Each structure stands twice: as structure tokens, then as C-alpha cells.
Amino acid sequence: MLNSCLFLGALLLLGFGEEAKSVAPKNQIRALFPDNFRWGFATASYQIEGGWDADGKGENIWDRFTHTPGNIADNSTGDVACDSYHNYARDVEMLKDIGADYYRFSLSWSRILPNGTLAVVSEAGIAYYNNLINLLIANNIEPMITLYHWDLPQPLQDIGGWPNEALIPHFENFARLAYQRFGDRVKLWITFNEAFVTCMHGYGYGKHAPGISGEDTEPYKCAHTILKSHARAYRMYYDEFFQAQNGRVGITIDSGWYAPLDPNNPSDVEAAERAVRFKHGWFAWPVFYGHYPDEMRIFVDKKSEEEGLDQSRLPEFDRYWETQVKGSWDFLGLNHYTTELCTYKVGEYSGWSQDQDVGFSRDPTWPESASDWLRSVPWGFGNLLRWIKRNYGNPLVYVTENGWSDSDAVGLEDDLRVEYYTNYTQSMLQAITEDRCDVRSYTAWSLMDNFEWARGYSERFGVHWVNFTDPARPRIPKKSAAFLKQLFADNGYPGPDVNSSAESKHWKILSFTYFILIKFMLG
Ligand code: GAL
């Protein structure tokens, strides 16, 4: 009798083992996203369109920057890129095939206004976006437009670019024209993509167009102009268009997660908190509260004073602008990619990166991508979402970018990208289901490989592989495209909870075996 019990137990245990092998890793949550959760892809005009001077398009700062030798890693340009200017119908087909609910793309300002101003309006440029929008809608894919994704018309740079507040009315005019011409069909508007990168990389480090190195003051001025421009575009929509169009306007702010190097060291903990406020808070704090975060105010004011300046390098919003900027959001767009570790470190020179007194590093065990700044640290995503919930009163969040880069050599079998998307969407799922973060959509970066700014074509972020040496720019789905297609269709990770069902089965086997044993012993 005992032998047959043991045999039965062993059989059951074997069966149990088989099932455990066939299901997802133990720490995966098996759950769905909320019913109204939406999935999409993002791209940006300069990175995919090409047609850099087609049909009267004007020159922008990225045209100028890439046409100047030495600025781009592989000396490439976005002159042709994915040639989406001529191939947008194929892009829509790919979106349809994967089952995207929406498509986030940006408008090339100089394609619509070749000089950056209303002096000349290009109907050809407007027609291009109308065709794209109409085709998306015909395929049941909602357009989500970013007004500004880094490609400023060159004539507006020639008057000083974003550090000059003279740009505010120009941006307002451009935004108005976009609402007028596309707003009958487009209901989701993002004013600016990652103003941090525009300001720091473009006007601080000089690594992006327009290539200006002026870290001490220019990025702060740039951010100030952009926040005011955003507020004008937001308010103007409500004054002039909302009643007829009933759309939503927000801004996309990028941020990593910043974790203390030593969680038991209070100054590291403070440094990490300061880093999130300097990064995400620089733009989001004004949008939610009408002023820069207190930590920024205290640190930059103090340093400016020590430098003998009679004014802080960090500007202030006056009463008027405070009320314009404060509350200028219907949703918060969030771009998130990675995490860094923080420790207290006194800044060595003046400028945003040093003003915060934080030293940054990465854990060498975190998986590396093809981009030196990007490591896979999925738990950081959930932590950032919870931080946003705590600090801004659980705002409605659209994740407007998240993604992974690899090199040419990887090709179509992009397993690390699949792993990244799995782990990051799992972390987001946990923040939504367990911590009730109000995240309503997720946008993968990117629909296809494209021109990766200063890195040219040397880093690939797409779920479609693009052959940049073939004039037809063919696109081929990678493994990650199939993965996201399934994820979108399932709206999450269906199935019974792996851990609990496995555990309960384990308990059933044990109790059954004990029952038989006791019965046998009692005779
Ligand atoms: C974001 C940016 C995108 C894309 C991505 C990957 O910062 O908005 O344009 O380049 O990073 O680096």
C-alpha cells in the first residue's frame, strides 16, 4: 500500500514538474491590463521621414547639424532615413498588422512652415500629414501627434533658438495651424517631446542640434521658453478649439529612475530623490504646481550666489506665467528607458548636471544594450510610476516611449528586446494592478529602426528591421514584433496566476499523500 502511495505521489509530482516548465517564469504576473488600456508605437519626423527638402520643405536644425561633418557617429543623415515621406502607407500596414490602437508620430515644423513662420504655409506638407492621418483612421488606428520632436526650423535657430523667448509666439502659431488643419480628426496632442533632451543635449552639451555648448545657463533658459510655449499651446487649444474638437493636450517628459547607490546611506537616498526632482521635476513640477521643485530652487540659487551672480541661473515664473503653466495638462506623457544609481557628490562646474550634487553610476550586472546610457532595470519603471503617483496626485499617465536598442549584428532574432519588453511591461502591470497607478496606455519605441540622432544608424530601436542600404528601405518584422502583437491582442499576460496555482497544486498533492499515509497507518 505504502509503495503504491509513493508511486502515485511521484507521478503527481512529475506531472506538477512538467506544468511548471511549460509556464512563464515564476516571478511573472499573470494578469490583464484594464479593459480600456491602449497600445501603440512611436516615431518622430526627422528620424523616419527623409524627404528632407522634398516639395518645398525648409531646412531645420537637424538638417544643418547632420550636413556638418563630424557631428554624427557614422556620418549619416536623416535625408532619406526610412523614407516614410514616400512609404507612410507601409508604416500604417505594419501598425495594423501588429494591432496597434494608436500611432504617435511628430510633425516636421519646416515641412509645414518652411521658414518656421506663417509667412509661407506649405500645402504639400499639410497634405502629407492629412494623408497619413486619414489612412490611420481608415484602419482604425488613432493618431497621436507630437507637435515638436526636436526639429526646429533653422530660421528660428538663427534668432537664438529655444533659449530666446521670442520663440513662444512662433510655436503658438505653429500649434494653432496644426489644430486648425488636423484637429477635426486628431484628438491627442503632445506639445513637446523630452524638452530635457532638447535643452541639455542641444544647448548644454552640444551633442545634438543645434550643437551649442552652454551648460551653465542655456538649458535653463531653453526649458523656461519651452514650458511657456507649452502652456500657450495648451491654453490656446482650450480657448479656441476644445469646444468644437474635444481633444486632449499634454506634454511628454522623460525620466530615468534614480535609486540610491547605498540604500542605507541617507545622503545617497537624498541624492537619488534630488536626481528625480532635477530630471522629471524640472519640467513636471511647473506643469503641476507652477514653479520649479524646491530642491532645484535652493541648489541653483545657492550656487549662483556663490559664483557671484546677481541673479539665479534658474529663472522664475512671474504671477502671470505661473498661472498659465500651472495645470497645463490633460495627461502626463512619460518616456522611460532606464535607471541610474546615485550618490552625494559635489558638482565640479556650473550647469544642470553639476548643480544637483549627484554622482551617477550603473550596476555592472544590469544587461547592456547597444546604447551606452541604456541598461535593462525593469523594477525602476515601476518605482518611477509610483513616484509620479505620490508626487503629482496620481495623474493620468500615457507612457509615450519605452524601448531597447541593439546593433546591426542582432538582426531579426532580437531576444533581448523581447526580454526587455516583457520585463518592463510586467513592472508597469504591477504598478497598475497592485499600486493603482493611473497608467492608461503604453507606446513602444519604436515601430521600426530609424535615425538615432547623434548615433546615426548604429543603434537600432525598431521592432521592424529596416535595410538602410536598399533604396526601397524594406521593413521586416523582428521577433519582438510578434511578441508585442501577442501582448497587444491579449491585453496583458492571461492565464491563472502561476505561483498560486502551482502552490495550491503542491499542497493538494501533499495533503493527499498524508491522507493516504495516515489511513494506512491507522489500518
Ligand atoms: C528618446 C527620443 C526618441 C528616441 C529614443 C531612443 O529620448 O524621444 O526620439 O531616439 O529616445 O534613444
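Biologist: Where is the place of Pro210?
Modeller: Pro210 is placed in the loop between H9 and helix H10 (218–240), where the helix numbers follow DSSP runs counted from the N terminus (H or I, at least four residues, for helices; E, at least two, for strands). The model is predicted, so that local features need pLDDT of at least 70 and side-chain atom pairs count only at pLDDT 80 or more, while totals for chains, interfaces and linings use all residues. Residues are numbered from 1 along each chain as its sequence is written, and side-chain values use heavy atoms, with hydrogens and water left out.

Biologist: What makes the bond between Ala209 and Pro210 worth a remark?
Modeller: Omega is about 5° for the bond that joins Ala209 and Pro210, and this bond is cis, whereas most peptide bonds are trans. The bond from Trp445 to Ser446 is cis as well, with omega near 15°, and Ser446 belongs to the loop between strand S11 (439–444) and strand S12 (464–466).

Biologist: What is the phi of Asp55, and where is Asp55 found?
Modeller: Asp55 is not a glycine, yet its phi is positive, at about 50°; the residue sits in the loop between H2 and helix H3 (61–66).

Biologist: Which residues come nearest to the ligand?
Modeller: There are 13 residues around the ligand, and Gln47, His149, Glu194, Glu401 and Glu452 come nearest; a residue counts as near because one of its heavy atoms lies within 4 Å. By class, this shell has six nonpolar, four polar and three charged residues.

Biologist: Which pocket is the space taken by the ligand?
Modeller: The ligand takes the space of the largest pocket, whose volume is about 1200 Å³. Its lining has 44 residues, and those closest to its centre are Phe196, Val197, His201, Lys279 and Trp373. Elements giving two or more residues to this lining are helix H9 (195–203), helix H12 (266–289), helix H15 (352–355) and strand S9 (358–361). The lining divides into 16 nonpolar, 16 polar and 12 charged residues.

Biologist: How many cavities of 30 Å³ or more does the structure hold, and what makes a space a cavity?
Modeller: The structure holds four, and each is called a cavity because, on a 1 Å grid over the protein atoms alone, a 1.4 Å probe fits there but cannot get out. The largest cavity holds about 60 Å³, and 14 residues line it, among them Ile48, Tyr103 and Phe105. The residues of this lining are eight nonpolar, four polar and two charged.

Definitions and conventions
1 Å grid on protein atoms, 1.4 Å probe; cavity = no way out; pocket = protein on both sides within 12 Å on 5 of 7 lines; lining within 4 Å. Sits in = over half its atoms within 2 Å of the grid points. Nonpolar A, V, L, I, M, F, W, Y, C, P; charged D, E, K, R; others polar. Points joined across faces, edges and corners; volume = space filled by probe spheres on them.
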